Amino acid sequence: MWHNSLLNRPGKIAIGLMLCFCCAGELWAKESLRIFTWDGYVTEQDLTRVNKLLSEQNYDIEAKVITPFADDADQMFNVIRAGKADVTFLTLFFIKMQHQRMLHLLQPINTQSPRLSNYQALEPSLTDIPMGMVEDKKFYIPWGGGAYGFYVNRNQVKKQDIPVSLNDLWLPKWQGRVSYNLSQEWYNIGITLMSMGKSPFYINELVRNHQHAELIKLKAENSDLIAKLTRLYANAGHLWHSGPVFHENLHIVSSWGPEIMRENNKGNNWQLIQFKEGSMVWLDTINFVHSLKGKKLEAAEIFANYFIGKQVQNRIVNSLSMVAASSLVDSNPIIDNNPAFFQNDLFVPPYDTVSGNVVTTLTDRALAGAKRMQRTTSQN
C-alpha cells in the first residue's frame, strides 16, 4: 500500500530523493577549521597545501580563512569570544592585555605533539616569552614578527631629506605626507613618547609603579604629551586601520612591513627609515581557541606545523618583509643584521586595563584637538 501510494506520486518520489541526497551531502561535507588572521598571512596556495595534507591524513576537515581580517586587539577579542574562530594569529602582547581576557579564550599548546614536528626548529629565544605563558604553559606558537616602522618613498624623497629622528616627523615639510595607524593607538603614543626622550611604554611604567600623580599630569588637557600627540594627528596625511594605503601625496607610510614588499614589486621604492631612537617590535603568533578538541585540534596542529615550516617561513621573509620565527629559513636578514632584535627594550608589552584607559583618554583628547586645529586652519 505504501509503495503503491508513492508510485502514484512521482513528484513526491523526486522530492524525497532530493531530500535524501541533501542530507547525505550535509553528512559528507567537511567540517571547517576557521582561521582568523591578518591580511596577507594565509594565501590560497597555503590553504590548498594544508587541506591536501589534511585530506591525505584522512581528516574530514577543511581550513578556511574567515572574514573580516584581523584589525586590532578589541576586534580580535570580540570575534574569538563570539565563537567565530578556531585558530588565530594574535600579536603576542594581545594575549595578556586587559586582565588577560584573551588568555581565557585560548588553550595551552602541546609543544610535544607529533603533529608539531617543526616546533623544535623555532628560535629558542621566541618560545619562552612570559607575556604568552602562564607558568610553564604556552598559549602561543611563534610565527613571525617585525617592527612598527616608517617607510620612505625613495622615488620622491632624496637621501639627504630622509628623517633621522622621530622628531623630524613633526616638521612642517612632512605635514600631510605621513600616515599613522589609527586602530592601535598605543604605537602613536609610543613614538610620541620616544620623540620626547622617554620609553614608548612610559605609561605602563607609571601604572606599574603606582605613580598616579604623574599619570594625571600626563592626561591633563595642557600636557606636553597631548600637545605633541595632537599635532601628530593634525599633521597626518592618512590614518589607517587594518593596513596602510599608498598614494602620491604620502611620502612616508607607517607599516608593519608586509604591505611594503607588495608595493615595491609594483615598481615602487619604499625603504625602512632607521630612526636614531629605534623602532617598537612585535611578534605575531598562532593560537588555538579553548573549544578545540579531538580531530579538529589535531587538524589545527597540522595547520600550525605547516605555517612554521620552511616554505611559509621563507615566504614571510621574502614576500612580507617580516622576521621568521624558524631557524629553517634560508636567510633571516633583519635578525642577521641585529641578533638582539627581539631582546631589546622596545618589544611591545601587554597593556593592562588602567594603561589602556589612559591610552584611550590621551588618544580621544588628541584626536578632538586635531579636528579643532584642522577646522581652524581651513577657516583661515
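Helix α10 (residues 258–265) lies across β7, β10 and β11 and runs at about 135 degrees to β10, where helices (H or I, at least four residues) and strands (E, at least two) are DSSP runs numbered from the N terminus, contact means heavy atoms within 4.5 Å, and angles run from 0 to 180 degrees between the N-to-C directions of axes, lines fitted to C-alpha atoms, for helices over the stretch in contact. The model is predicted, so that local features need pLDDT of at least 70 and side-chain atom pairs count only at pLDDT 80 or more, while totals for chains, interfaces and linings use all residues. Residues are numbered from 1 along each chain as its sequence is written, and side-chain values use heavy atoms, leaving out hydrogens and water.

The open sheet has 3 strands in the order β10-β7-β11 with antiparallel pairing, and two strands pair if DSSP finds at least two bridges between them. Its edge strands, each pairing on one side only, are β10 (252–255) and β11 (270–272). Strand β7 (residues 149–153) pairs with β11 over 3 bridges, and V152 stands opposite Q271 in β11.

A search of the whole structure finds 3 cavities of 30 Å³ or more; on a 1 Å grid over the protein atoms alone, a cavity is a set of points where a 1.4 Å probe fits but cannot get out, and lining residues have an atom within 4 Å of a point. Grid points are joined across faces, edges and corners, and a volume is the space filled by probe spheres set on the points.

| Cavity | Volume |
|---|---|
| Largest cavity | about 60 Å³ |
| Second largest cavity | about 40 Å³ |

The lining of the largest cavity includes W38, Y41 and D284, whereas Y148, F150 and M280 are among the residues that line the second largest cavity.

Definitions and conventions: 1 Å grid on protein atoms, 1.4 Å probe; cavity = no way out; pocket = protein on both sides within 12 Å on 5 of 7 lines; lining within 4 Å.
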